[in-house]
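This briefing sets out the architecture, cores, surface and charged pairs of a protein chain. The sequence and structure are shown first, and the notes follow by topic.

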Amino acid sequence: MMNVKKKNKIEKVTKPYLKGKAFDRTTLSTALKFFFGTLGMALVFLILCVVMNFDAKWLDVTVNLGIVAGVYLFFAQYGVNAGADAVNQGEIMYSRQEKGRPVADWELSMCFHPMKGFIAGLIGAMPLVICSIIFACIAKRQLTNLGALPAWVGSMEGRQELGGALAYYHEGGSLSLEAVLRVIIRMSVMPFVNIVGASDNDAMLLLERVSPVLNLIPAFVYGAGYLMGVNVRTSVHTNIAQGQKKARKKQAKERRARLQRGPEQLN
């Protein structure tokens, strides 16, 4: 059994690569793409979470957590692709350096760096995080809206002693900074709004207070995915080596078969 395990064990193949800088000429453009990705995330949350709203609480929670997991998986895969490209860039620069060819500073800076994904993600998430922080500081517990006046009470508004008090029911809500930010932030954390329940004012206030942390998660997911780029390149080189090994075995087997057929044809 031990011999079988040793035979079946795949030996990983890695290639050396040059390490780049945490910030390079592509960081800001990557951060901008990430920012538009967060806007897309908020739009996806808004559409899916409104459409997939169920009466059963357990089903509602399950579906909304699935939506969150799917969006986070997208950011992780986005980071994996970027990390793999950066490692590939480092491998090319290493090969060029080994051949004695010059490597420009800007080309070297674009190679893989462990913090590059986190920095790009944080910069891209910063607008939404700043809005979340401001909103978390000014957010207040939502009160129940006033209901409509009964018809028989409305008829008394003309009376001087009652008109001033009843006029409060006709005052419209002003469009404040808090109201605008509430719309933006609730869109960005819509699945969690559905999970805790928008009617629970205390839970919603707590959710709004922790919204900066929730809006930071995609940036860290992207950064963690970027780190996986090294493993992706290792897997690529390992698969190539395995394929070449199988091809050599196949060629050797065919060569032996030809050698065996040779004496038989002579007979």
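Read from one end of the sequence to the other, the protein chain follows the pattern α-α-α-α-α-α-α-α-α-α-α-α. This is a predicted model, and its protein chain has 12 helices and 0 strands. Among the contacts with a separation of 6 or more, 81% join residues 24 or more positions apart.

**Overall burial and surface**

- The protein chain has 267 residues, of which 34% count as buried.
- A nonpolar surface patch of about 580 Å² is formed by Leu43, Val44, Ile47, Leu48, Val51, Met52 and Phe54.
- Val44, one of the residues of this patch, has its place in helix H2.
- Val44 has a relative accessible area of 34% and is therefore classed as partly exposed, the range for that class lying between 20% and 50%.

**Nonpolar cores**

- In soluble globular proteins, nonpolar side chains tend to be buried together.
- The largest nonpolar core of this model comprises 24 residues; those touching the most other members are Phe34, Phe45, Phe75, Val189, Phe192, Val193 and Leu207.
- At least two residues of this core come from each of H2, helix H3 (57-98), helix H5 (116-138), helix H9 (190-196), helix H10 (201-209) and helix H11 (211-227).
- The helix that gives the most to this core is H3, with 7 residues.
- Apart from this core lies another, of 6 residues, among them Phe135, Leu181, Ile185 and Leu205.
- Val193, listed above for the largest core, touches Arg186, Ala198, Met204 and Leu207, when residues up to four places away in sequence are not counted.

**Thr38 in helix H2**

- Thr38 has its place in helix H2, which covers residues 27-51.
- With a relative accessible area of 4%, Thr38 is buried, because that class takes in values under 20%.
- A polar atom of the Thr38 side chain lies 2.4 Å from the backbone oxygen of Phe35.
- Not counting residues up to four places away in sequence, Thr38 touches Phe75 and Leu128; Phe75 is also among the residues with the most partners in the largest nonpolar core.
- Thr38 and Val71 are 33 residues apart along the chain, and their C-alpha atoms are separated by 9.6 Å.

**Asn194 in helix H9**

- Asn194 is found in helix H9.
- The relative accessible area of Asn194 is 14%, so this residue counts as buried.
- Leaving aside residues up to four places away in sequence, Asn194 touches Cys49, Lys57, Asp60 and Asn64.

**Salt bridges**

- Side chains of opposite charge can pair when their charged atoms come close.
- The structure holds 8 salt bridges.
- One of them joins the side chains of Glu107 and Arg96, at 2.9 Å from N to O.
- This pair links distant parts of the chain, with Glu107 in helix H4 (residues 105-109) and Arg96 in helix H3, 11 residues apart.
- Glu107 and Arg96 are both buried.

- Lys140 forms a salt bridge with Glu178, in which the closest N and O atoms are 3.9 Å apart.
- The pair again links distant parts of the chain: Lys140 lies in the loop between H5 and helix H6 (151-154), Glu178 lies in helix H8 (residues 177-188), and 38 residues separate their positions.
- Are the two partners buried or exposed? Lys140 counts as exposed because its relative accessibility is 52%, whereas Glu178 is buried, with a relative accessible area of 15%.
- Glu178 also meets the side chain of Arg182 in a salt bridge (2.9 Å, N to O).
- Both Arg182 and Glu178 lie in helix H8, 4 residues apart, about one turn of the helix.
- Arg182 has a relative accessibility of 10% and so counts as buried.
- Through salt bridges that share partners, Lys140, Glu178, Arg182, Arg186 and Glu208 are joined into one network.
- Arg186, a member of this network, is also touched by Val193.

Methods. Residues are numbered from 1 along each chain as its sequence is written. This is a predicted model: local features need pLDDT of at least 70, side-chain atom pairs count only at pLDDT 80 or more; totals for chains, interfaces and linings use all residues. Side-chain values use heavy atoms; hydrogens and water are left out. Buried means under 20% relative accessible area, exposed over 50%, partly exposed in between (1.4 Å probe, protein chains only). Contact means heavy atoms within 4.5 Å. A polar contact is a pair of N or O atoms within 3.5 Å; within protein, one must be able to donate a hydrogen and the other to accept it, and residues adjacent in sequence count only if both atoms are side-chain atoms. Patches are made of residues with over 30% relative accessible area and no salt bridge: like charges are joined within 9 Å, nonpolar side chains (Val, Leu, Ile, Met, Phe, Trp, Tyr) within 5 Å. Accessible areas come from the Shrake-Rupley method with a 1.4 Å probe; for residues, only the protein chains shown count as cover. A salt bridge is a side-chain nitrogen of Lys or Arg within 4 Å of a carboxyl oxygen of Asp or Glu. A nonpolar core is a set of buried Ala, Val, Leu, Ile, Met, Phe, Trp, Tyr and Cys residues joined through side-chain atoms within 4.5 Å.
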